[in-house]
Amino acid sequence: MDLLTRHLRERLLAHGTCEADHVPLVKFFNPVGAATWLFSELGSDGDTLFGLCDLGFGFPELGCASLSEIASVRLPLGLRIERDVHFAAEHPLSVFAEAARFCGQITQHPDHLTCAAAALARAREQGRSRSPP
């Protein structure tokens, strides 16, 4: 399976052309390990993804990763990095980053995401724009 469909690639590229706090469109994961990635943008080079990266060490961070490098990873038992075909996000990337900062890993738990969204909203209301980790 290709990591990105044509439709996902087009949407990620579109997000990459405008600066905003986008909703992540794709989730990749290691089926035999702890690594997880949530990506919201693809650079014009067609390879540089931007999103939340969690290699499983307890310190998820926002950053860039290479699609070709992720696709080239070979795992035990002939496995590869996979795309979660059921992933659908309702919150922007900043909310996932805030929740991950508190949990020490990427989380999709609705309670964690709701609390993170509320914390970011409070910070904005208080005039101290908190940037995600």
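Val 26 finds its bridge partner in strand S2 at Phe 39. Pairing here asks for at least two bridges between two strands in DSSP; strands are DSSP runs of E with at least two residues, helices are runs of H or I with at least four residues, and both are numbered from the N terminus. S1 also has a link to strand S5 (residues 82–83), again antiparallel, through two bridges. On that side, Phe 29 has Glu 82 as its bridge partner.

A word on the model itself: it is predicted, so local features need pLDDT of at least 70 and side-chain atom pairs count only at pLDDT 80 or more, while totals for chains, interfaces and linings use all residues. Residues are numbered from 1 along each chain as its sequence is written, and side-chain values use heavy atoms, with hydrogens and water left out.

Arg 11 belongs to helix H1 (residues 6–16). The C-alpha atoms of Arg 11 and Glu 41 lie 8.0 Å from each other, with 30 residues separating the two along the chain. Arg 11 counts as partly exposed because its relative accessibility is 38%; the cut-offs are under 20% relative accessible area for buried and over 50% for exposed, with partly exposed in between (1.4 Å probe, protein chains only).

Thr 107 sits in the loop between helix H3 (93–103) and helix H4 (110–125). With a relative accessible area of 9%, Thr 107 is buried. Its side chain reaches the backbone nitrogen of His 109 at 3.1 Å, and also makes a polar contact with the side chain of His 112 (3.1 Å). Such a contact is a pair of N or O atoms within 3.5 Å; within protein, one must be able to donate a hydrogen and the other to accept it, and residues adjacent in sequence count only if both atoms are side-chain atoms. Leaving aside residues up to four places away in sequence, Thr 107 touches Phe 96, Ala 99, His 112 and Leu 113, where contact means heavy atoms within 4.5 Å.

Phe 59 lies in the loop between strand S3 (48–54) and strand S4 (61–66), and counts as exposed because its relative accessibility is 68%.
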